[in-house]
Amino acid sequence: MSLKQTPLYPMHLKYNGKIIDFGGWELPVQYEGMGIIKEHNMVREKAGLFDVSHMGEVLVTGDKAEEFVQRLVSNDIKSMQDFQVIYGLMCYPSGGVVDDLLVYRYSNSKYLLVINAANVEKDFAWIQENLIPGVTADNVSDEYAQLALQGPAAQEILQQIVDVDLDSIRFFWFNPEVKISGVECIVSRTGYTGEDGFEVYVRPEDAVFIWEEILHAGGELVSPVGLGARDSLRFEAKLPLYGQEIDQDITPLEAGLGFFAKLNGDDFIGRSALLSQKEEGLKRRLVEFSMIGKGIPRAHYEVQKDGVHIGHVTTGLHAPTFKKPIGLALININYTEPGTRLDIMIRDKAIEAVVEPGIFYKKKTKSK
Amino acid sequence: MNIPKKLLYTSEHEWIKVDGERGHIGITDYAQHHLGDIVFVELPEIGEEVAMGESMGVIESVKAVATLFSPAGGRVIEVNDELEEAPELLNEDPYGNWIAIVELSTSDDLDKLMSAEEYTAFCANLD
């Protein structure tokens, strides 16, 4: 299969991105002259611009759209207002996760679902399979390019070139009719970094123009940021990544995402399995840990206690903000108490770690 | 790409600077550039015997884990402890910061390594 390019591919070449194959997409892991740590710090301190056009979009329309999305997604869809955004999960009847997603509500008969790039085909098939009469779902992924402008300076930068007061777009709300330098866009105050910022959806043919306009408006305050820092930023803010913290065999409850699975609300696919899991008690749970011994924990490394397998690392890395390695691990519930010593198996050696909640980045998003 | 003349090179992007029976070992500019920000170095143990091409340490960047292979056989007699606290030195000056010193068991291994000219051509073929 040949690799796909986003509409912003020419920009990755122009700004000397180091291109890698990311789930079939040619995207920059970092940019020449910057690197993951500098790009990461830029987003924490000023602002960074990301190409996230590989994300998928599915448009759900029809009289029964609200009912359908509510059945599909774990969060409380019915309480949403027009132009609100909500984070949720699509689950299998088993309670395992099909994907996590953002739901944009235009009205109770029109929703835009934003899903993970690697899952677009699987998700769309799942949506089709569960479709009810009176609802249409269209995979409109190719109709949108997506940019994310993230960091404390994001609003100051974007405000210079938009025709709306960005204060009017609150955290997890969107405006579908914003003009950036005269070009129509959808702008939401959302992101995947733990910083304040915006995600911008544009027609593919406008993407390069918008990219350059934002960089020009930001000047020294902004730089392009690749997938490497996108991962380290989301990880430090403890935002889950499909395939690591969640997947078809891990439930939202195990991943610590119970807040986004409203078990007392309307029915959704997977709800009864999650209710039973909650009633019976979790057998394993995601924990935050830091290293005592020397080494960097990485995704899929085994976790042991006294030589016995108790789970695995979902994500671990050298956290640029804290300048030390930290990790998330999905482990047997008996070892999840704060202060519990664990062994992370790094190259067949047991390296000591400790369960330590609260060590991750405190999000700077504007939660009002 | 910086490739000093007087060193010998491996296809795994290590360098060795031979001084009599001792060799200083490190990673090349190409290696540090492709790894990106280096955040962890696992050094070999002093006294450890290593064969040519055998794993003698680990270099980790934010995204990648890379094995350090010994360019020649011998016994590790010194390691650069400074890299444990400041692994980024390998990015900043990959030839100024050696990782380990090996007492060579034979000079035969050195004949199998690349000269600066050969290594330059080797890297040119990779990109």
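A: Burial first: a residue is buried if 20 or more other C-beta atoms lie within 10 Å of its own, exposed if 12 or fewer, and partly exposed in between, with C-beta atoms placed from the backbone. This is a predicted model, where local features need pLDDT of at least 70, side-chain atom pairs count only at pLDDT 80 or more, and totals for chains, interfaces and linings use all residues. Residues are numbered from 1 along each chain as its sequence is written, and chains are lettered from A and ligands numbered from 1 in the order in which they are written.

Q: OK. Which residues of α2(A) are buried?
A: I36(A), I37(A), E39(A), H40(A), M42(A), V43(A) and R44(A). That is 7 of the 10 residues in the helix, which spans 36-45. Helices (H or I, at least four residues) and strands (E, at least two) are DSSP runs, numbered from the N terminus.

Q: What do the buried residues of α2(A) pack against?
A: Five elements of chain A: β3 (25-31), β4 (47-51), β10 (145-150), β14 (222-224) and α7 (227-236). Contact means that two C-beta atoms, placed from the backbone, lie within 7 Å.

Q: At what angle do α2(A) and α7(A) pack?
A: About 55°, with the axes 8 Å apart. Axes are lines fitted to C-alpha atoms, for helices over the stretch in contact, and angles run from 0 to 180 degrees between N-to-C directions. The two helices are therefore oblique to each other. For the cut-offs, under 35 degrees is roughly parallel, over 145 roughly antiparallel, 65 to 115 roughly perpendicular, and the rest oblique.

Q: Which residues of α2(A) and α7(A) meet?
A: I36(A), E39(A), H40(A) and V43(A) from α2(A) meet G228(A), A229(A), S232(A) and L233(A) from α7(A). The contact residues divide into 4 nonpolar, 3 polar and 1 charged. Here Ala, Val, Leu, Ile, Met, Phe, Trp, Tyr, Cys and Pro count as nonpolar, Asp, Glu, Lys and Arg as charged, and the others, Gly among them, as polar.

Q: Now the chain contact. How many residues does each chain give?
A: Chain A gives 11 residues and chain B gives 8. On the chain A side, β3, α2, α7 and β17 (308-319) each supply at least two. That side holds 5 nonpolar, 5 polar and 1 charged.

Q: On to the sheet. What is the strand order in chain A?
A: β6-β7-β8-β5-β9, an open sheet of 5 strands with antiparallel pairing. Two strands pair if DSSP finds at least two bridges between them. The edge strands are β6 (85-91) and β9 (136-139). The twist averages 30° from one strand to the next.

Q: Which helix lies across β5, β6, β7 and β8 of chain A?
A: Helix α3 (65-72), at about 135° to β5(A).

Q: How many bridges join β6(A) and β7(A)?
A: 7, in the antiparallel sense. Y87(A) has L102(A) as its bridge partner.

Q: And chain B, what does β3(B) pair with?
A: β2 (14-19) of chain B, over 6 bridges, and β9 (100-104) of chain B, over 4. I16(B) stands opposite I25(B). In the β2(B)-β3(B) hairpin, G20(B) has a positive phi near 65°.

Q: Where is K323(A), and is it buried or exposed?
A: K323(A) sits in the loop between β17 and β18 (324-332) of chain A. Phi is near 55°, positive for a non-glycine. K323(A) counts as exposed because it has 9 C-beta neighbours inside 10 Å.
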